[in-house]
Amino acid sequence: MPRGFWRAMPRGLRRPTREAVSAGHAPGLKVPCSELGALRGMDLAGPGIFPPVVRHLYVHVPFCVRRCSYCDFSIAVRKHVPGSEYVDAVLRELELLRDSPGWVNPGASPRAPKASGTHLPSPRAPKASGLETLYLGGGTPSLLPAPDLTRLLTSLREAFGSTPSFDAVEVTLEANPEDVTPESVRAWRGAGVNRVSLGAQSFNDRALQWMHRSHDAARIGAAVRALKDGGIANISLDLIFALPEELHRDWERDLEQAISLLPSHISLYGLTVEPRTPLDRWISRGATHLPADERYADEYLLAHRRLTADGYQFYEVSNAARDGLRSRHNSAYWTGRPYLGLGPAAHSFDGTTRRWNLSAWEAYRRAIAEGRSPVESEEALTPEQEKLERAYLGLRTSEGLSLSNVPTVHLSGWLSAGWVVEQRGRVRCTPEGWLRLDALVPKLFVAKELAT
Ligand code: SF4
């Protein structure tokens, strides 16, 4: 199995962090869109600027207390998080958007005619709720002081028409275990957070130290208990697999420990080496080595078997949920829905065009302070890119692809190899197929048979 399996995935999914997968903040995030035709028929607010109605909102919080050994994100390492300044900047970015010609009332119905004014109505005006998911990713959003987080979420709730509460909105906060206390949970719950994605990564203290994580294994269980006691039962745990041999990490034991905490959701990340990270330097000088591809595959397949046996359903190559508690926010990315991103490095997608903000906190902060747009660049997908993305997204999720999109010249071989199954007119990857995704998808195009 080629490690390059991950190369074909959105960059975030290759990363051993919980952050990027939710952020969609890699320029390479190529979200195909099963609904693209429908989106094209919608009344988009402007040429490649915004979704007509903001149903999925991502807010990027860039601060971390230290850099993890595998992480190459553009983070701002801070002992003291400038929470008030950060929230001011994000809300100012939103104001800049509201003043731009492409903005429409995010609380409006997607099919309703535009109001004569293009600006948001007064925050006090009654608004139908348009928002479905709000995701605070990072960085480490749980570092935001509680009063700043509360102010941020209160302002967003008003701006996006989700008054009087966020009850119907999936509001996810990414948290590191050491930040989870009864007090912080109370504040998060009071601010509207109803889902927490916890960066557990491993239950092996040596591995956690090697990763430069700032928690130990005991903190993970304590964090989960504090979350449940505080009324946040929808908890996702992130775990990293394929760690170097010399750490003697027992992957199966880690899986057991994770399962024993009964999280509603588990995300898996295979360790990859990103340039200019501590891990990259350690490998360059021979101080450590990534495991062989076979072990990488074995650990992935073991996780699939173990989690499935315990009632988790893999609805995406690296994400499994119990009781239907899938991440609604990440599912929006994987089904090509429009989303709006705020904050440094955040990405937005209007159905055809992606744009992304300046990634460095200082550059973002300066742009906002000077009243300039923080958008760094944008890209419109070509029809070929759209097709490729649609194929990747289809095959990486449990939805699969329509049978008509898989050339018969490949299908029988894939079926007999056990890489895909065919069910009710859909072709879905098996775990073995998911391991080969980046080899399978290009074949669809070599055959030049993929439906347009
Ligand atoms: S906690 Fe911060 S440094 Fe560590 S992986 Fe996440 S973003 Fe990177």
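Reply: One term to begin with: two strands pair if DSSP finds at least two bridges between them. Strands (E, at least two residues) and helices (H or I, at least four) are DSSP runs, numbered from the N terminus. This is a predicted model, where local features need pLDDT of at least 70, side-chain atom pairs count only at pLDDT 80 or more, and totals for chains, interfaces and linings use all residues. Residues are numbered from 1 along each chain as its sequence is written.

Me: OK, how do β7 and β8 pair?
Reply: Strand β7 (residues 234-241) and strand β8 (residues 265-270) pair in the parallel sense, over six bridges. Phe 241 has Gly 270 in β8 as its bridge partner.

Me: And what's the strand order in the open sheet?
Reply: The order of the nine strands is β9-β10-β8-β7-β6-β5-β4-β1-β11, and the pairing is mixed. β9 (313-316) and β11 (340-342) are the edge strands, each pairing on one side only. From one strand to the next the twist averages 20 degrees.

Me: Let's look at β4. Which strands are joined to it by bridges?
Reply: Strand β1 (residues 56-61) runs parallel to β4, with six bridges joining them. Strand β5 (residues 170-175) also pairs with β4 in the parallel sense, over four bridges. Thr 133 of β4 stands opposite His 56, and its bridge partner in β5 is Glu 170.

Me: Is β4 covered on one face or on both?
Reply: Both faces are covered: Thr 133, Tyr 135 and Gly 137 are buried on one side, and Leu 134, Leu 136 and Gly 138 on the other. Buried is 20 or more other C-beta atoms within 10 Å of a residue's own, exposed is 12 or fewer, and partly exposed is in between, with C-beta atoms placed from the backbone.

Me: Switching to helices. How do α5 and α6 cross?
Reply: The axes of α5 (residues 146-159) and α6 (residues 182-191) come within 9 Å and cross at roughly 10 degrees. So α5 is roughly parallel to α6, a label for angles under 35 degrees. Axes here are lines fitted to C-alpha atoms, for helices over the stretch in contact, and angles run from 0 to 180 degrees between N-to-C directions.

Me: Last one: why is Glu 376 called partly exposed?
Reply: Because Glu 376 has 17 other C-beta atoms within 10 Å. Glu 376 is in strand β14 (residues 375-380), and its C-alpha atom is separated by 8.2 Å from that of Ser 359, 17 residues apart along the chain.

Conventions: Parallel < 35°, antiparallel > 145°, perpendicular 65-115°, else oblique.
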